[in-house]
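Here is my note on the model, point by point. Please read it with the structure open.

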Amino acid sequence: MIFVFKSAITLALLYSCFFAFLSRETFHRFNRIVLIGIMAATLIIPLLQFKTASPTIVNRELIEIEQEFACTAISTQGMAQATESLNWADYTIIIYIAGVALSICLTVIQALSLVRYLRGGLRHTDAYGNTIILKNGNVAPFSIFKYIVMSINDYETNRDYILIHEQEHIRQGHTYDLILWEVIKTMQWFNPFIWLLGRDLRCIHEYEADQAVIRQDIDAKTYQLLLVEKAVGRHLQPLTNSLNRNSLKRRLMMMYQKESSRWMMLKALCALPVAALTVAAFAKPIVIDRAEAAICTAQERVKEMVRHTVKADQTTHIDGNGEATAPPKQPTASPWHTATKAPATITEAPETTTEAPETAKEENPTKNKSKLPVYTDMPAYTGKANIDKGVRIKRDRECTYVTLICTCNDDVEMYKIGGKENRTFIEDVETGDHYKARRIMDEGIAFGGDGFFVAGMEGKRWAVTIEFPPLPDNVKRIRFWHLADWANIEYRVIDIKDIEEQ
């Protein structure tokens, strides 16, 4: 969805340049190349991965939208038990997919109808190897690939004009342009600029074919009368090139328009800075790219370590006689257990952590101190399931309390709160002020260190509350940092009014 969004922006900017500077010029082949280049650019530019030293306003807005769609995509995996309400990103994706499906169905139906239509009629081959199909009745002449369709009456009375016109369409390969346009249109059916581009592309096709007819020493007025005569009815299919076009007035005017100077082609250079601006807008800030890479690497490394640890703890023990015995039964912990109450289910936090509460300290100093805490008895969250993105906030004069609700999609998942340098904080989007987390209200979870793991909670929802300094009343929009593994809200701007608990 992010690719489609970027592609639509690229198309809108580049087509606007074409319409403003080149659409009224008479170098039709050059204009056609420009339009094809614009369609190709809409597929290429969004794929370019450039980085910028510092994020701009456009970068931030695009990153926020990307994070929103990323959260939506992730939330659809393993959420059968969740009942969260759909947000605007969910509705956008649903509407977009429905539009693409409808567009594909219409194109397939039109293509099948065209194939059936081409099967009938009288056939013969012209000097260029094209198949001419003659139909009874009043048929608007058209061509597609190597086929030219016209009525028997047109073939007997206006054969020269129509054949030269349609043969030029085939020689120039206009059908392939329309196929490319159909692909882009299916992907961007919601974008009005793709429909305007298709209109101009068809006009340029007709300009080129009309120009070929006029250059054959054919009387221009007679040909124009033929165009007017054929400007009734409807063309059969959008993939065909037809004499029957709604742009008849523009075509007649273009025949009498003075030929544009070749120097006017230089106006196409205006698209270069626009394309460069688009690429810069899509560039990813290095600081965010590095943070995401570091988070992903550390998460995968520590997850693998915990999987081996949990697996080892679950294996059978061997007694002194060499017989296998079941592992010792673990003591039952309270709903929000502490390290002292359930030492067998929690491994020790790193000794270097200075902000961890007393209850999370290790009890056996001989154990490996490099392991992260692992919690296997977290209580299921039973509150409201429609809380926006798993976050709610409550403010008073002395503290700000942030509750994070999480759904475990895997059997073992890592979460980060605090970090070795307590990097969990709230940022005021407007002023840039930061408010560092003070402590975790739930004593059963270690604060600081490299994070902790939750095991055996796959598909379940649970919550934890973090205390922050009081936020001023004028703070309206905030951003959470160092919470990428929690509800996928890192870097995402959140309006307090949407998550505040009254």
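**Notes on the predicted model**

1. The side chains of Asp 210 and His 165 make a polar contact at 3.3 Å. A polar contact is a pair of N or O atoms within 3.5 Å; within protein, one must be able to donate a hydrogen and the other to accept it, and residues adjacent in sequence count only if both atoms are side-chain atoms.

2. Some ground rules. This is a predicted model, where local features need pLDDT of at least 70 and side-chain atom pairs count only at pLDDT 80 or more, while totals for chains, interfaces and linings use all residues. Residues are numbered from 1 along each chain as its sequence is written, and side-chain values use heavy atoms, with hydrogens and water left out.

3. Back to Asp 210. It is found in helix α8, residues 192–214. Helices are DSSP runs of H or I with at least four residues, strands are runs of E with at least two, and both are numbered from the N terminus. Asp 210 is buried, at 3% relative accessible area. Buried means under 20%, exposed over 50%, and partly exposed in between (1.4 Å probe, protein chains only). Leaving out residues up to four places away in sequence, Asp 210 touches His 165, Tyr 223, Leu 227, Arg 251 and Met 255. Contact here means heavy atoms within 4.5 Å. Leu 227 is 17 residues from Asp 210 along the chain, and their C-alpha atoms are separated by 10.0 Å.

4. Leu 11 sits in helix α1, residues 2–21. Is Leu 11 buried or exposed? Leu 11 is buried, with a relative accessible area of 0%. Beyond four places in sequence, its contacts include Ile 38, Thr 42, Gln 188 and Leu 197. Ala 40 is 29 residues away in sequence, and its C-alpha is 9.5 Å from that of Leu 11.

5. Now the sheet. Four strands form an open sheet in the order β11-β12-β18-β16, with antiparallel pairing. β11 (391–395) and β16 are the edge strands; each has a single partner strand, so one side of each has no neighbour in the sheet. Two strands pair if DSSP finds at least two bridges between them.

6. Look at β18 next. Why is strand β18 (residues 461–468) largely enclosed by the rest of the structure? Seven of its eight residues are buried, so the strand is largely enclosed. β12 (residues 400–407) pairs with β18 in the antiparallel sense over eight bridges. There, Thr 400 stands opposite Phe 468. β16 (residues 439–440) pairs with β18, also antiparallel, over two bridges. Arg 439 stands opposite Glu 467, and Ile 440 has Ile 466 as its bridge partner.

7. Phe 145, Tyr 147, Tyr 176, Ile 179 and Val 183 make a nonpolar surface patch of about 470 Å². Patches take residues with over 30% relative accessible area and no salt bridge; like charges are joined within 9 Å, nonpolar side chains (Val, Leu, Ile, Met, Phe, Trp, Tyr) within 5 Å. A salt bridge is a side-chain nitrogen of Lys or Arg within 4 Å of a carboxyl oxygen of Asp or Glu. Helix α7 (residues 174–187) gives the most to this patch, with three residues. Phe 145 lies in the loop between β4 (142–144) and β5 (147–151). It is partly exposed, at 36% relative accessibility.

8. Last, the whole chain. It has 13 helices and 20 strands. Buried residues make up 48% of its 502 residues.

Conventions
Areas by Shrake-Rupley, 256 points an atom, 1.4 Å probe, with all protein chains shown as cover.
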